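Please consult the sequence and the structure shown here.

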Amino acid sequence: MNLKSIAEELGISPSTVSRVVNGNKNFSVSPELREKILACANAAGYTPNPLYQAMRKKDNRQISILMSNLLHTTIGTEISAGVDCFCEYLLDHGFSFHYLCHTLEHQKTYGLPPWKVAGALAVDVRREELVAELDGSGIPYVSLNGASGPHGTSVITDDYANMMTALEHLYQLGHRKIAYLNFYRSPDQIPFELADHHYSVRMRVQAYQDFCLARNLMLLPESLDNSSDLKTTLQAAMEQKATALVAYTFHSGVQAEYYLRKWGIRVPQDVSIIAFNDPDLAEFIHPAMTCIRIPTEQMGLAAAKLMIEKYKNPLHEADKTISFQGKLIQRESTGPCPNKIKTRNKSGG
C-alpha cells in the first residue's frame, strides 16, 4: 500500500498522509487523525523513504559509505569489520547510513552522494585525488583505511611498523633469508604504478627494503615486484633458499603453505610463514598461522567518533592522519631458522 491508497482509505489528501508518516509537525492535524494515519500505515507495512526524509529534514543524520565494488583492489585488509563497527556506533547515536559502491579504477573517483547527507565515510581510498570532489564539497568525511584530502581525516594502520614487527619476529628466530609475498595484480588488468596502489602495498614494500638493507640481508628481487604471481615468487624464494616468508594477506599465506606442502617443504620446520590479517580461521588451519592482526574494529570505532565530531562541528579540525598499530599473534607457522637448529645440534647445544 502506498500513500495514495492510505489517503483514499481515510478520505484525506495524500499530502496530509505524507506529512504525518514523515514526522512533519509544522502543520495542524488532530491527534485522532494522526493516530489513524499512523495505525493504517503501520498495518500496511508502509516505511517512510529515508532518502526523502534526508532531503527534507534540517537535522539530516544520513551517512554515505563510499566503497569500490572491485574486490581485487581491496583484499589487503578485512576492513569490513571496521565498517560494521562504524555503522553500529552511528546507529546507537541516532544516525542512519547507506552504501554506495562505485565501479572504480585508478583513473576514476569516488564521486559524491547523489542526495543530501550529513557526512561520508570513504573506504580503502588508494590516492588522494580519488576523493577530490568529496574533499571540495564541504561534506564532513572520514577516510577509513585509505588516503584523504586536505579537509578529511584518514584513519589507517601503521603498515610500515606492522611490516617491521613481522620481519623482526622472523629475525629474532634466526632467519636471515626472508622473502615477501607481495600483493599480486594481474598484468591483464589496467596497469598500476606503485604510487597507484593502496598505502599498505607501498608501506610494506618500503619497510621490507629498509629492514633488509639495515641488517645487510639479501633483498629477494621478486619480493619487490607485484606483477609476478604468488607461485612464481614462491618458487624463486625457494631457489634462493629463503627460510621464512611474509605474506601480504592470510589468503596468500595459505596458498604458500599449500604449494610448499606439495613440494615436500614443511612449515615451520623448513620454512616459516607469517601473514597479514588475522581471521578466525587462522587459529584452526594446520599449522595455525602466525599473523599480524590489523585493528580494523578499533579503526572503525575511531572513524565513527570522529564523524560525529565533524557532524557537530563542521569546523572541527582533526589530525590529517590517525594511525593504529597492528599486533603480532604468534602461532605454529613460525619457528626457529632450520640452519640455526642444525648449527646448535652439531655443537651439542
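The text below treats the sheet, the nonpolar cores and the aromatic contacts in turn.

The model is predicted, so local features require pLDDT of at least 70 and side-chain atom pairs pLDDT 80 or more, whereas totals for chains, interfaces and linings use all residues. Residue numbers start from 1 along each chain as its sequence is written, and side-chain values rest on heavy atoms, without hydrogens and water.

**Sheet.** Six strands form an open sheet with parallel pairing, in the order S2-S1-S3-S4-S5-S10. Strands are DSSP runs of E with at least two residues, helices are runs of H or I with at least four, and both are numbered from the N terminus; two strands pair if DSSP finds at least two bridges between them. S2 and strand S10 (321-324) are the edge strands, each pairing on one side only. Strand S1 (residues 62-68) runs parallel to strand S3 (residues 119-123), and four bridges join them. Leucine 66 has alanine 122 in S3 as its bridge partner. Helix H5 packs on the sheet and touches S1, S2, S3 and strand S4 (141-144); contact means heavy atoms within 4.5 Å.

**Nonpolar cores.** A nonpolar core is a set of buried Ala, Val, Leu, Ile, Met, Phe, Trp, Tyr and Cys residues joined through side-chain atoms within 4.5 Å. Buried means under 20% relative accessible area, exposed over 50%, and partly exposed in between (1.4 Å probe, protein chains only). The largest core has 63 residues, and Phe86, Leu245 and Val246 have the most contacts inside it. A second, separate core of twelve residues includes Tyr110 and Ile139.

The structure holds seven aromatic pairs. Rings of Phe, Tyr and Trp (its six-membered ring) pair if their centres lie within 6.5 Å; planes under 30 degrees apart count as stacked, over 60 as edge-to-face and the rest as tilted. Two of the edge-to-face pairs are tabulated.

| Pair | Centre to centre | Angle between planes |
|---|---|---|
| Phenylalanine 95 and tyrosine 311 | 5.0 Å | 80° |
| Tyrosine 171 and phenylalanine 211 | 5.9 Å | 80° |

Phenylalanine 95 lies in the loop between helix H5 (80-92) and strand S2 (96-102) and tyrosine 311 in helix H11 (residues 296-312), so this pair ties together parts 216 residues apart in sequence. Phenylalanine 95 is buried at 5% relative accessibility, while tyrosine 311 is partly exposed at 22%.

Terms used
Axes are lines fitted to C-alpha atoms, for helices over the stretch in contact, and angles run from 0 to 180 degrees between N-to-C directions.
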